[in-house]
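User: Please take a close look at one part of this model, the open sheet and the core that goes with it. I would like a connected account, with the cut-offs stated.

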Amino acid sequence: MNTKSTNTKKIIVSFAVLLVLIAALLSVYRFTKGTVSEGGKQITVEVIHGDGSQNSFTYDTECEYLGEVLTDEKLVDGDDGPYGMFITTVDGETADDSNQEWWCITKDGSQLNTSADQTPIADKDHYELTLTIGY
């Protein structure tokens, strides 16, 4: 009987630890996903090409996510992946995967950890799309 009681306690403790872990992960997700801003907003997108040239685009939009704006305005093209759209072409320039080129998304100079599809936008946000070499 003692062994059965010990095993039951281990199972209960393991289950409790699992519930705490799930709650912690959900909290982290909730606080890091960002908030969606509804209604009209204006954003600016700077494109930094591989040759160093830059183009600036300002959009007035009702969209809630950056990816929506970029595709609606036909500024980008890409492939759908498990984490959202993987941007392959921006402002007519296509990243060359064989040269380890890719488009880096930053907001006010800080790299984002979300895809454009998962990046909520707010009024007066400023984003940069930079052709980057090297993984």
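Analyst: The account below begins with the sheet and then turns to the core, the loops and the surface. This is a predicted model, in which local features need pLDDT of at least 70 and side-chain atom pairs count only at pLDDT 80 or more, while totals for chains, interfaces and linings use all residues. Residues are numbered from 1 along each chain as its sequence is written, and side-chain values use heavy atoms, with hydrogens and water left out.

The open sheet consists of five strands in the order β2-β1-β8-β6-β7, with mixed pairing. Helices (H or I, at least four residues) and strands (E, at least two) are DSSP runs numbered from the N terminus, and two strands count as paired if DSSP finds at least two bridges between them. At the edges stand β2 (54-61) and β7 (110-111), each of which pairs on one side only.

β1 and β2 run antiparallel and are joined by eight bridges. Ile 48 stands opposite Gln 54 in β2. These two strands form a hairpin with five residues between them, and Gly 52 in the turn has a positive phi of about 90°.

β1 is also joined to β8, in this case by five bridges and in parallel. Val 45 has Tyr 127 of β8 as its bridge partner, and Val 47 has Leu 129. β8 in turn runs antiparallel to β6, with seven bridges between them; in this pair, Thr 106 stands opposite Glu 128 of β8.

A nonpolar core is a set of buried Ala, Val, Leu, Ile, Met, Phe, Trp, Tyr and Cys residues joined through side-chain atoms within 4.5 Å. Buried means under 20% relative accessible area, exposed over 50%, and partly exposed in between (1.4 Å probe, protein chains only). The largest such core has 21 residues, and those with the most contacts inside it are Leu 66, Leu 70, Leu 75, Ile 87 and Leu 129. Two or more residues each come from β1 (41-48), α2 (66-72), β4 (84-90), β6 (101-107) and β8 (126-133).

Leu 129 shows how these parts meet. Not counting residues up to four places away in sequence, Leu 129 touches residues including Val 45, Val 47, Leu 70, Leu 75, Ile 87, Trp 103 and Ile 105, where contact means heavy atoms within 4.5 Å.

Lys 74, in the loop between α2 and β3 (76-81), has a phi near 60°, a positive value in a residue other than glycine. Lys 74 is exposed, with a relative accessible area of 71%. Lys 124, in the loop between β7 and β8, has a positive phi near 75° and is likewise not a glycine; its relative accessible area of 59% makes Lys 124 exposed. Most residues other than glycine have a negative phi.

Tyr 65 lies in the loop between β2 and α2 and is partly exposed, at 27% relative accessible area. Tyr 65 and Pro 120 are 55 residues apart in sequence and 4.4 Å apart in space, C-alpha to C-alpha.

Leu 19 is partly exposed, with a relative accessible area of 44%.
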